[in-house]
Amino acid sequence: MRNLLLIWIVLCSIFGTRAYAISAEDLATRDGEIAFGQAWLKNTRERLYERVDPFCIDLLETWLIRLKNQFDLGSMPITALCLNGINFNAFAAPGGIIGVNRGIYLDLDSESEVMAILAHELAHLSQRHHYRSLRNSERISTGTLATFAGIVAAIATGQGQAAHSLIMGGQAANAASALSYSRDYEREADRIGLAALGRAGYRPESMSAVLKILAEKQSQSSKKLAFLSTHPLGIERQSDLDARLSQVKDFKEGSPVLSDPDFQFFRCLQIEGLEPPINGPSNLSCTSIHSMLRHYRTGNFSKALKLFDGLPTHYKKTFSGFDIEIALTLKTGDFKRTESAISTVALFFPSWLQPDIARVDLAIAQSRPILPRAIRERMIQRPERLDLWRALGRFAQAFKQEHFMFEARGWDALLHGKFEAASTQLKRARASWPSTLDQRPLDLLDQAINQSRAL
Ligand SMILES: [Zn+2]
């Protein structure tokens with residue numbers, strides 16, 4: 001949310017000594033922005049602590065695409081990242097990359113509040129805040145840059161406290177004046193996001209609710225840190241927004257992607273193992289879901305399934321419920337139930353990859369060494385989805401199919417910006433690839449490596 005300006009400094013810190021070679025011109029066109037964002041993602045990926053959970057990624061994509069239509073973003077692709085971070089944070093990076101910490105679900109109560117956060121992030125993209133920040137960057141001194149690089153590295157690795165102490169360090173004054181650039185952008189993102197949120201059929205008040213949470217979080221930290229108290233962004237932004245709320249007209253509430261019980265189920269899954277905030281939404285309803293997950297994690301699959309079956313129907317018959325039912329029945333061997341849950345999700349969300357990935361895991365559970373055809377098509381359409389390659393890796397390992405293992409590792413390396421490793425894996429895949437098998441997957445990886453290298 002607040003670290004938008006910081007993002008371009010991440011770019012600087014990631015690219016190390018090449019930092020000063022990055023200019024606003026790199027982001028001047030949409031295509032440049034997309035290429036730049038993808039290169040940034042490959043370099044940063046390892047430090048983002050991704051949650052490679054197909055259901056979470058599909059859902060986040062669906063939310064983002066629904067909102068994206070409300071912005072002037074043309075054909076910009078969306079890259080949805082579910083992250084393990086526990087802080088209340090989300091970010092937008094150039095070229096349609098949106099990352100969301102699972103920690104946000106501790107405080108959020110509804111899909112429309114999540115949408116408020118996503119609308120704010122998409123507004124940063126539609127208003128081209130990265131480009132505009134970078135264009136103003138000559139106003140920031142080298143010393144400030146170094147401080148910022150440290151702050152951002154700390155934020156990206158989830159060390160919030162380290163980030164705060166860096167802010168308090170010697171460069172604090174410079175850092176503060178540089179941070180103030182972003183305040184106008186934050187307000188703009190709130191305002192544009194608010195309008196988009198309403199048009200997408202979500203209660204505009206949710207934006208205000210989210211800013212209230214942000215303000216509370218800031219006032220909590222400012223008891224310890226004077227710096228933050230001089231920047232009551234959350235409170236300022238909230239009163240700004242409340243004035244605008246009254247002007248939102250013709251709002252029609254639409255139907256959410258997830259029903260309310262479905263969202264509550266999903267929320268419980270996301271906040272597993274996290275400490276609930278004192279004033280946050282009640283986590284009471286999560287108790288049985290969390291003990292079910294505990295049994296699952298310790299290998300007591302039948303016990304976990306029994307707990308699942310004991311949940312009220314309005315929880316079980318949700319998409320989050322089907323996702324869990326798939327995971328549980330794969331382990332207990334109730335494959336008819338797995339099939340049925342997979343088909344239901346696929347029927348409602350034909351674009352989702354989760355059902356096809358689940359079918360790979362079903363083939364493994366049933367000791368059927370045939371890679372489902374549909375997953376291969378998905379790999380051609382969406383090679384940037386890491387979860388596909390992780391599924392291929394599981395399949396290769398289960399059936400000792402080396403060629404698939406090398407292919408999966410090649411893509412994994414490529415998506416993490418390790419071009420040499422990707423090439424090595426590709427060579428190994430070529431050497432072990434059965435001559436009777438279609439060669440096109442190898443060409444696809446080859447092309448992708450060459451394209452990424454050229455950036
Ligand atoms: Zn923001």
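These numbered points describe selected features of the structure above.

1. The model is predicted: local features need pLDDT of at least 70, side-chain atom pairs count only at pLDDT 80 or more, and totals for chains, interfaces and linings use all residues. Residues are numbered from 1 along each chain as its sequence is written.

2. The largest nonpolar core has 101 residues, and those touching the most other members are Leu60, Ile98, Met115, Leu118 and Ala119. Helix α4 (residues 111–126) contributes the most to this core, with nine residues. A nonpolar core here is a set of buried Ala, Val, Leu, Ile, Met, Phe, Trp, Tyr and Cys residues joined through C-beta atoms within 7 Å. Buried means 20 or more other C-beta atoms within 10 Å of the residue's own, exposed means 12 or fewer, and partly exposed lies in between, with C-beta atoms placed from the backbone. Helices (H or I, at least four residues) and strands (E, at least two) are DSSP runs numbered from the N terminus.

3. Apart from neighbours within four places in sequence, Ile98 is in contact with Leu64, Ile78, Ala80, Leu81, Ala90, Ala92, Leu118 and Glu121. Contact means that the C-beta atoms of two residues, placed from the backbone, lie within 7 Å.

4. Three strands form an open sheet in the order β1-β3-β2, with mixed pairing. Because β1 (79–83) and β2 (90–93) are at the edges, each with a single partner strand, one side of each has no neighbour in the sheet. Two strands pair if DSSP finds at least two bridges between them. β1 and strand β3 (residues 97–101) run parallel and are joined by five bridges. Cys82 is opposite Val100 in β3.

5. Two helices pack on this sheet. Helix α2 (residues 30–44) touches β1, β2 and β3, and its direction makes about 130° with that of β2. Helix α3 (residues 54–68) touches β1 and β3, its direction making about 130° with that of β1. Axes are lines fitted to C-alpha atoms, for helices over the stretch in contact, and angles run from 0 to 180 degrees between N-to-C directions.

6. Helix α14 (residues 287–297) has Ile289, Met292 and Leu293 buried. They span an arc of only 100° around the axis, so they are on the same side of α14; the arc is that of the directions from the helix axis to the C-beta atoms. The buried residues of α14 pack against α13 (260–270) and α15 (301–309). Gly299, with a positive phi near 85°, follows α14.

7. Lys427 is in helix α23 (residues 419–432). Lys427 is partly exposed, as 13 other C-beta atoms lie within 10 Å. The C-alpha atoms of Lys427 and Glu407 are separated by 9.3 Å, with the two residues 20 apart along the chain.
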